[in-house]
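Please open the structure in a viewer and keep the selection tool at hand.

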Amino acid sequence: MSVAPLAVEVICVFCLAAYLLHKYGNIRRQHVLVTLATLVAWYFSMIIIFILPLDVSTTFYRICLGSIQPPVTPAAVLSPTTNATPHTNQSYTDAPSNVTGNDDQPLVRRDALFDTPTCQVPWSYVQEHVLPNMWHVVYWTSQILTWLILPFMQSYATSGDFTIQGKIKTALIENAIYYGSYLLIFGALLIYVAARPDLQIDGPRLKMIGITASNTWGLFLLVLLLGYGLVEVPRKCWTSSNREQLLAYTRFQVAKLSTDKSDAEETLEDVLEEVSKASEAVRYNHPHRKYMDTILRKVPEDMQGRLNRGMDDYEDYPDGRAASIPSGKDLVALHRKTIRAVTSQHRTQIQWDILMERAFGLEDIAESEKCADRRFRSTFPQHYTGILKHVCTPTVEWYWKCLVRPWVLKVLTVILAVFSFVVIWSEVTFFNKKPVLSLFAIFINVAAKNYDYFYIELASCLTITYLCVCVYFTVFRIRIFNYYYIAPYHQTDSNSLLFSGMLLCRLTPPLCLNFLGMIHLDKHVTGNEDQEIESAFTSIMGHMDVISFLSDGFYIYYPILVIVVALGTFFSVGNRCLGLLGFQQFIGDDDMTSDLIEEGKEMIKREKRKRQRVEDGEARRKSWRDRYGTTKDRASSLQNRDASDSDSAKYSRVKDKDDSAQVELLKDSEPLDYDDSLAENEEFDRAKYTRSQAGRSSRQATGSRWTGGRGYGSQAPPKGLFDDV
């Protein structure tokens, strides 16, 4: 018995959560409260996923001890033992009062009453009080985060108010509907319990009603998300193995996203026009000017030059009209519109860059497959450093991307498809205990009989992880959640980070409770009353016996709907229905889909030409600097040469005159290192191209931070805990 495995796992999970937050979030720029809340939410949710397998193996060990324990007899209690083992924490058994025997014989431990070597101790076994205490802290902290703190922080961050009191008031109003959905379920269950004469409402029952309301909300959403993800995750993997199909789908996404991107940019332009008018009306000496400055700080830097700063005194317009000064409520509404417009534009720009990178890579693979020398050729090559420079050669890259990776993805697709089938079958049949039809329950029970606790923990961890992947893949895939996105290279905004942490805390506990039902380790779900020992997680979550129609009906039969959702997803029923209604959906035999694919193909070509022009311009400027140096260096060298030749005769005077004119000319001019007709286009494209270049350098493990688009990441971070975000 050792706590080392548990301690190592807890530390590793924390490192994993911190690494993911560093990769997807921007710790240097986002608010410290957002960082802490997201880290705790991600960490505690992952703790449940990775520590629950240890609880499962410990539970099977305790079941083994309970199954082989014989009835306690006076002779057995008072008989001496020589094979007592110290590996359990069972308490000593008290001798009955009517037992007679040798009083100088010591009492024995309970685990010495049976053949203890037949029950092997799990390698990760810990004392019985450790896991319940951990589950208490993890579960209730995550519930407070998901129902109170994180939703409030979301509304607080996007609120347009300029004071702490105003932000708090707006956050409470916006979350009234959200909190009301939970209170509605809680109130209905409370009325049901109060109406039953055989039950009394006390503290434990109120706690159980609260847990039941949370689990009901989570399970209702969980089954719908899981049914979609169990089919779509293997299908996504299979599509990724087919380059032609993936390229067609990427072009379709580009054409579809271009509409959202154009709408977001137009909305931002309209909002900036309103901001400019308001800034012109609210002068520097107006009491509301500090609020106007807060709004201006939310505008991207490359757009702030077009705004009127309102630094002049009050004056009327030329036609005699007085400047209309917005009120405080108008500025609050404008502030909120600015935050939403900037966030939407930044989101679509990041998604656009990611899609373009994927499209360029797929087109490079298509061109490289035709090469007879089997060397990978990239339009925008990655410059590896260190050991990767010797490993990721063009030949190795060709074999991996053109030959090996498609087959690896196909094999992975088969594995995931089998896993999805096992999950769906177990969800549909886990309530049947005689005979046991749940495949997960059969596999886990066989491993428990063989005392293979490592396999139990590994299988449980992989299963729970796959369930989480399917659920959260669906969350960020369906259209209704398109406002939130998770982007690497520090490009995820604070609102999306809080939303992801809220969903993790809300869906992970009911998902794990559903998993315990699938492996028949929750007797109140499977109806196995012969099982007296339960997991520590189940003891903390409690049972739904107080609310019988949920414990005997909803929690047993509702998960069967997962097969209905899975079949509908497999046959693309939802996509076809949306396509008939006029929504753009990727359907291979549809004319609209073909048109969008061709449109996306042309957009990718235009974007590639823009980036190539920018790269060519940068290369020419670099070549000019390497050959002639900068303008300042050239002027300085000419001045030094003039000084060294100042002692010459009248030839020197003529030379000084000519060189001085040359120096002045160099000071006032720029080197013409590229065609002037392309200069304007290159300057227009450089801001967009910088993001992709920085992202590519981040993927080359240079450690540089991807700054993002349009000055979004250049704003100074808030310094106080309640400063404007």
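In what follows, contact means heavy atoms within 4.5 Å. With that in mind, select helix H14, residues 439–449. Phe440, Ala441, Ile444, Ala447 and Ala448 are buried in this helix. Turn the view to look down the axis of H14: the buried residues fall within an arc of 135°, so they line one face of the helix. Which helices do the buried residues of H14 pack against? Their partners are helix H2 (32–67), H13, H15 and helix H16 (494–518).

The model is a predicted one, and its confidence may be considered here. Mean pLDDT for the chain is 76, with 71% of the residues at 70 or more.

Next, select helix H13 (residues 394–429) together with helix H15 (residues 453–475). Their axes come within 11 Å and cross at roughly 95°. Angles of 65 to 115 degrees count as roughly perpendicular, and H13 and H15 are therefore roughly perpendicular to each other. To see where they meet, display Leu416, Phe419, Ser420 and Val423 in H13 and Leu462, Thr463, Tyr466 and Leu467 in H15. Of the residues in this contact, six are nonpolar, two are polar and none is charged.

Finally, select two stretches in which pLDDT stays under 50. Over residues 71–116, the model has 57 contacts beyond four places in sequence. Over residues 313–321, it has 15 such contacts.

Terms used:
Residues numbered from 1 in each chain as written. Predicted model: local features only at pLDDT ≥ 70, side-chain atom pairs only at ≥ 80, totals over all residues. Heavy atoms only, no water. pLDDT = per-residue confidence, 0-100. Axes fitted to C-alpha atoms, helices over the stretch in contact; angles between N-to-C directions. Helix = DSSP H or I, 4+ residues; strand = E, 2+ residues; numbered from the N terminus. Parallel < 35°, antiparallel > 145°, perpendicular 65-115°, else oblique. Nonpolar A, V, L, I, M, F, W, Y, C, P; charged D, E, K, R; others polar. Buried < 20%, exposed > 50% of the residue type's maximum accessible area, 1.4 Å probe, protein only. Arc of directions from axis to C-beta.
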